[in-house]
Amino acid sequence: MASQGLEYDGCNFFRQRLVLSSLSGKRVRIRNIRSKDDSPGVRDFEASFIRLLDKVTNGSRIEINQTGTVLFYQPGLLNGGSVEHDCNTQRSVGYYLEALLMLAPFMKTPLKATLRGVTNDPIDPTVDMLKTTALPLMKKFGIDGEGFDLKVVKRGMAPGGGGEVFFSCPVRRTIKPVQLTDPGKIKRIRGVAYSVRVSPQMANRLVDSARGVLNQFIPDIYIHTDHMKGAHSGKSPGFGLTLVAETLNGSFLSAEMSSTPQGQGDPSLPEDLGRNCAMLLLEEVYRGGCVDSSNQSLALLLMTLGQQDVSKVLLGPLSPYTIEFLRHIRDFFQIMFKLDVQKPSEDERKGGEKVLMTCVGVGYSNINKTLK
């Protein structure tokens with residue numbers, strides 16, 4: 001490998017670095033991973049993430065020192081194919097899926113991944129949310145086809161898990177540039193209220209309280225209740241709500257909440273949770289943009305890897321995670337974005353400040369994909 005490796009400090013943005021390293025082929029060394037902590041080194045869920053990366057790549061070299069505080073990663077080829085992985089229950093499947101969504105289009109063979117663990121928890125994006133926001137976003141970049149699917153086979157709430165998710169994604173040779181500059185008005189709200197190992201009535205109470213807030217704004221609201229029973233309900237009780245607002249131009253803004261995991265603090269009331277989730281959705285609509293805050297980095301990555309042409313995407317205020325992601329994109333791909341801040345005028349009720357992100361793609365071509 002002629003390319004010079006990159007060095008980082010600390011455990012933050014662990015996935016970003018490994019994902020971008022896998023895509024760019026640049027090796028990376030991360031030092032001082034929780035070196036001052038009582039239990040230093042890589043956590044179990046991060047080790048699980050490394051094992052997953054190892055399964056979808058071929059010929060990666062991963063070295064971790066004895067204390068677990070230094071990690072060296074030399075990426076191999078993105079291989080894909082059928083993969084099964086038991087995710088660590090400290091984090092939900094969403095933590096692992098977010099990275100797979102970024103890597104899947106660039107595999108050698110289409111990815112078919114079965115992930116087991118916690119499908120819904122209060123920390124990471126749930127599988128429901130990724131299905132309703134990340135997949136439509138990827139379709140805009142030309143990642144689409146019959147093999148593009150994400151489904152919840154079994155639900156598993158934190159802390160016990162026991163859920164199962166199936167994700168399949170076709171491979172693409174190139175990513176097409178996009179111009180997403182006008183989200184348009186909100187036309188409808190869809191959602192899923194799910195409950196496992198509690199009374200099915202919980203889901204109905206969630207729906208009623210969320211509708212109580214949202215019906216004041218828009219009539220077209222449909223929240224589907226999903227009550228999984230028996231073997232499909234995982235190991236822990238819980239409930240939650242995912243709401244998605246769809247705009248006239250086909251952008252999706254989402255918000256979600258899950259009940260407090262069993263044995264971790266005060267139990268949640270479905271009424272409060274439904275109301276708070278609806279408020280979160282209104283907050284997300286206020287922030288606005290063509291991509292919601294949880295998918296900003298996915299959009300920016302696909303813009304970076306597009307063909308050598310201009311891509312533009314209008315985003316709401318950038319999250320701290322996204323800002324760090326932009327720095328990493330500069331490190332790994334030498335791509336800088338042009339940022340134009342757009343302030344809405346007083347009389348326009350357009351929500352908060354927006355940022356128009358513009359870049360020219362690196363013309364990334366999937367070298368792994370074999371030509372027939």
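Modeller: Contact here means heavy atoms within 4.5 Å. By that rule, and leaving aside neighbours within four places in sequence, Ser 311 is in contact with Pro 177, Val 178, Gln 179, Met 303, Met 357, Thr 358 and Cys 359. This is a predicted model in which local features need pLDDT of at least 70 and side-chain atom pairs count only at pLDDT 80 or more, while totals for chains, interfaces and linings use all residues. Residues are numbered from 1 along each chain as its sequence is written, and side-chain values use heavy atoms, with hydrogens and water left out.

Colleague: Why is Ser 311 called buried?

Modeller: Buried means under 20% relative accessible area, exposed means over 50%, and partly exposed lies in between (1.4 Å probe, protein chains only). Ser 311 has 1% relative accessibility, so the residue counts as buried.

Colleague: Where is Ser 311 found?

Modeller: Ser 311 belongs to strand E16, residues 310–315. Strands (E, at least two residues) and helices (H or I, at least four) are DSSP runs, numbered from the N terminus.

Colleague: Why does Pro 125 count as buried?

Modeller: Its relative accessibility is 13%, and therefore Pro 125 counts as buried. Pro 125 is found in the loop between strand E8 (109–117) and helix H4 (127–140).

Colleague: Which residues of H6 are buried, and why are they said to be on the same side?

Modeller: They are Pro 270, Leu 273, Gly 274, Cys 277, Ala 278, Leu 281 and Glu 284. These residues cover an arc of only 135° around the axis, so they are on the same side of H6; the arc is that of the directions from the helix axis to the C-beta atoms. They pack against strand E12 (186–196), helix H5 (201–214), strand E14 (238–247) and strand E15 (252–258).

Colleague: What makes Arg 31 and Glu 7 a salt bridge?

Modeller: A salt bridge requires a side-chain nitrogen of Lys or Arg within 4 Å of a carboxyl oxygen of Asp or Glu. The closest N and O atoms of Arg 31 and Glu 7 are 2.7 Å apart, and the pair forms a salt bridge. Arg 31 is partly exposed because its relative accessible area is 35%, and Glu 7, at 47% relative accessibility, is also partly exposed.
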